[in-house]
Amino acid sequence: MAKRRQKNNVVSKKYVARQERERQQSTMVRNVAIGVVLLVVLLVGFGMLDEAVLKERRTVASVNGEEITLGQFQARVRLERDSLINQYAQYLQLAQSFGMDFNTQLTQIETQLYDYQSVGKNVIDTMTYELLYRQIAAEEGITFSADEIESGIQEYLGYYADGTPTPEPVTETEAMEAATLSPEQLELVTVTPEPTVAPTSTPAPAEEETEDAEPTAAPIPTMTATAYTYEGYQAAYAETLPLYEEYGLDEAGFRFLFEANLYYTALYDMVTADVENEGQEYIWARHILIEDPLVAEVVREKVLAGEDFSTLAAESSADPSAATNYGDLGWFTYGSMVAPFEEAAFALEEIGDVSEITQTDFGYHIIQLLGRETRPMDDAAYQGTKDVVFQEWIVAKYEESDIEIFDIWESNVPTDPDLQEALAVMYGQQ
């Protein structure tokens, strides 16, 4: 039997090369797959990191190099929304308790809350101005210690270390004492109407003359005991701070709210210190209202001929009140009357002057000037004047500053807390 011939397996170079290429391709595919997986993991991880940490650190505004981060902005938006919701709840409570109609106020707050971009814009503007207040104050040498800021927080939480000040009794400063009528006015006012007193003018009561009368001293403000101790304040602070932290405002941000208010008040007082109460021009006038222009001309001729204005007003005026006040409008200043009437009345110069026929939506007026004087502005008007001065000053400072507001805030305005959810918590699910 013949022997089987054994085959000698010889591996060629070509085969080895092919095997090497296949091994390299397999390694490359594996490495690419691992790389893709790692890239996805990195991207997901970066996205989570960016959403959780890095995004909050992005800059939404810069005031002369000082930055406001997205996290700070979002915390203040949530705080503003919470404030609006609390106002809404207070109006609801008043309406339910006293049957009062607050629909207008409630609708306004709802509109603000649902227009979240508007809330965001207001907040970012407020925050940029707060930084600007602090920067300008530093330039002016105005600083506040930690103790002064702490005092503001204590008062906010109802704690007064030296006792709660009792408000001083408020005495309205009379803008003008009851004036004695001049001979010209006495001649014009032949029929005495019911006295018409300006809103800010109250005749001083007559005082009996006594020997050795001494002025009565104004009561000195006293201090009453505070509602709770310093330890009670600390407990209230510890309870309050977490409420702000829930919205993302840390303790430094919470305290800065009070610091910013101190800077604003100091700058406001500095800028408006020299604003004088220059006064407002008031006139005392009376009128006769006629519906027909031809009749108005006839009545005016009677006035010019010397017939008694008060009697003509009582007999001819279409103004229902003329029957009792004889057309007397009392003292008034600019902005009190419709424009055509006001222009004609303030154009009169001498006591007794009579206007041309003046047409308004009410009819045709014959106006007579009875008095003219300048009085100090009332508190509200004076405050308004100071507000305008400060506003113009701070806007000019704002425009001079290097302030940038970045678009990132527009797509990151929080919509929480939600009004309906908050009301459901406050009042239950009904």
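Glutamate 281 counts as partly exposed at 26% relative accessibility (partly exposed lies between buried, under 20% relative accessible area, and exposed, over 50%, with a 1.4 Å probe and protein chains only). The model is predicted, so local features need pLDDT of at least 70 and side-chain atom pairs pLDDT 80 or more, while totals for chains, interfaces and linings use all residues. Residues are numbered from 1 along each chain as its sequence is written, and side-chain values use heavy atoms, leaving out hydrogens and water.

Glutamate 281 forms a salt bridge with arginine 372 (2.3 Å, N to O); the term requires a side-chain nitrogen of Lys or Arg within 4 Å of a carboxyl oxygen of Asp or Glu. Arginine 372 is in strand E8 (residues 363-375) and glutamate 281 in strand E5 (residues 280-290), so the pair ties together parts 91 residues apart in sequence. Helices (H or I, at least four residues) and strands (E, at least two) are DSSP runs, numbered from the N terminus.

The whole structure holds eight salt bridges. Another one joins glutamate 66 and arginine 134, also at 2.3 Å, N to O. Glutamate 66 belongs to strand E2 (residues 66-69) and arginine 134 to helix H4, so this pair ties together parts 68 residues apart in sequence.

Arginine 300 pairs with glutamate 356 in a salt bridge, with the closest N and O atoms 3.5 Å apart. Arginine 300 sits in helix H9 (residues 293-304), and glutamate 356 in the loop between helix H12 (339-347) and strand E7 (358-360). Arginine 300 is buried at 10% relative accessibility, whereas glutamate 356 is exposed at 57%.
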